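Here is a short briefing on the structure shown below. The points are grouped by topic.

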Amino acid sequence: MMTEWRAPLRLQCNSAALVANWRWLAARSGTAACGAAIKANAYGLGAQDVMARLSRAGCRDFYVATWGEARALGPLPSGARVSVLHGVREEDMALALALDARPVLNTLAQVARWRPTGRVCDVMVDTGINRLGLSARDVEAGALAGLKIDTMMSHLACADDAAQDDAMSARQRQDFAALHTKDVAERFSLANSAGICLNDAANNAYAFDLTRPGLALYGGIPRAEARGFIQQVATPQAQILQRRRVIAGDTVGYNATFMARDDTEVAIINLGYADGYLRSFSGPDGHVGGSAQVSCGEPVRLPVLGRVSMDLVALDVTSHQILAEGDWVDIDYNLLRAANIAGLSQYELLTGLGARFERVWS
Ligand SMILES: *Cc1c(COP(=O)(O)O)cnc(C)c1O
């Protein structure tokens, strides 16, 4: 009998951390409801798994980008609602009418397309990011007449730490609040993860009726306010395929960018840039590269040596005599630290994790 095949690469996902992060974001949203952005397969973690866990915790509003993502969710948990952020194209209509999900209308053409269905929708209004959304002028001119709107939303451009421009967020908030008085929708929603951090529970300025976190659910730290509260959810784990001794003077990997100064013990692990572990984690040649730790072992840093390959990475395991072929290591993937090391955004670090990971939930 064949036993079940298990991949040599796992994304270990922590249910308790995911739910704790959602609860923190929900508390910080004050009286507003707290939804969840689960687009891009829940930022790489698995949209169905995330929706099931957050729905059990009390989350009701879920956001995907496309109708294909909505379809991939399958039957929804009871009470769950799904909104499709990219609106509805003509070629989406058949699927849209067949699914239990609603579009977020972004353009006048989408409004004209959806109005005759008589079904509920959400609407995006642009307040300055200039991506998707109707203009406030369109709304004020009555473009939404005849629609059944659950949520009117807008999206912040500069709410995260890196932007260092809370003035723009304040301006967007003010323009959005001006529409709030117009009574065009059941609910209003502005804040993503960073916007929730900006929200002050005392006056609830950014939360309105509903918030839409993504990144922070999955362990990302959008702003300093989240530090110490948001927990890591996803940890890549890779198996050692081979252990070898590299003699002083020999090199490791493509382009021989690492040369051993002393005899060095090296573990080759099943992970590479095709899995989203990009070449920016390549080992020390003047900068700090990526690293790993022994799974369930003492926390000793195992640095990446040389170039990250498509499917393989070399680690320095000189400090670990007992680490052998078949053992597992945890890749250091604290998102804030890894983003600094790799020069990538925390979003890219999550959404880039590929299809060869077996996603395992604890
Ligand atoms: C992706 C997205 C979110 C979630 O943003 P995070 O920064 O990941 O919290 C919220 N709203 C909209 C419209 C989005 O596209």
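**Asn192 and the ligand site**

The backbone nitrogen of Gly195 lies 3.0 Å from a polar atom in the side chain of Asn192. The side chain of Asn192 also has an N or O atom 3.1 Å from an oxygen atom of the ligand. The model is predicted.

**Setting of Asn192**

- Asn192 sits in a loop.
- Asn192 counts as buried because its relative accessibility is 13%, under the 20% cut-off.
- Leaving aside residues up to four places away in sequence, Asn192 touches His155, Leu156, Ala159, Arg212 and Pro213.

**Ligand surroundings**

- How many residues surround the ligand? There are 13, and the closest are Lys39, Tyr43, Ser193, Leu215 and Tyr347.
- His155, one of the residues touched by Asn192, has a polar side-chain atom 3.4 Å from a nitrogen atom of the ligand.
- Gly214 takes part through its backbone: a polar backbone atom of Gly214 is 2.8 Å from an oxygen atom of the ligand.
- On its own, the ligand exposes 390 Å². The protein buries 93% of that area.

**Arg301**

- Arg301 lies in the loop that runs from strand E15 (291-294) to strand E16 (302-305).
- Is Arg301 buried or partly exposed? At 40% relative accessibility, Arg301 counts as partly exposed, because that class falls between the 20% and 50% cut-offs.
- The side chain of Arg301 makes a polar contact with the side chain of Ser291, at 3.3 Å.
- The Arg301 side chain also reaches a backbone atom, the oxygen of Gly289, at 3.3 Å.
- Ser291 and Arg301 are 10 residues apart along the chain, and their C-alpha atoms are separated by 6.3 Å.
- With residues up to four places away in sequence left out, Arg301 touches Val288, Gly289, Gly290, Ser291, Ala292, Gln293 and Asp332.

**Helix H3**

- Helix H3 covers residues 47-57. Its buried residues are Ala47, Val50, Met51, Arg53, Leu54, Ser55 and Ala57.
- An α-helix has 3.6 residues a turn, so residues three or four places apart point the same way.
- What do the buried residues of H3 pack against? Their helix partners are H1 (15-28) and H2 (39-43). Their strand partners are E3 (36-37), E4 (61-64) and E19 (358-361).
- Gly58 follows H3 and has a positive phi, near 115 degrees.

**The protein as a whole**

- The protein has 11 helices and 19 strands.
- Its C-alpha trace spans about 75 × 55 × 35 Å along the principal axes.
- The protein has 362 residues, and 51% of them count as buried.
- Among contacts with a separation of 6 or more, 64% come from residues 24 or more positions apart.
- The accessible surface of the protein is about 16,400 Å². Carbon and sulfur atoms account for 51% of that surface.
- There are 35 positive and 38 negative side chains in the protein. The centres of these two sets lie 3 Å apart.

Conventions. Residues are numbered from 1 along each chain as its sequence is written. This is a predicted model: local features need pLDDT of at least 70, side-chain atom pairs count only at pLDDT 80 or more; totals for chains, interfaces and linings use all residues. Side-chain values use heavy atoms; hydrogens and water are left out. Helices (H or I, at least four residues) and strands (E, at least two) are DSSP runs, numbered from the N terminus. Buried means under 20% relative accessible area, exposed over 50%, partly exposed in between (1.4 Å probe, protein chains only). Contact means heavy atoms within 4.5 Å. Accessible areas come from the Shrake-Rupley method with a 1.4 Å probe; for residues, only the protein chains shown count as cover. Lys and Arg count as positive and Asp and Glu as negative; His and the chain ends are not counted. The place of a charge is taken as NZ of Lys, CZ of Arg, CG of Asp or CD of Glu. A residue is near a molecule or strand if one of its heavy atoms lies within 4 Å of it. A polar contact is a pair of N or O atoms within 3.5 Å; within protein, one must be able to donate a hydrogen and the other to accept it, and residues adjacent in sequence count only if both atoms are side-chain atoms.
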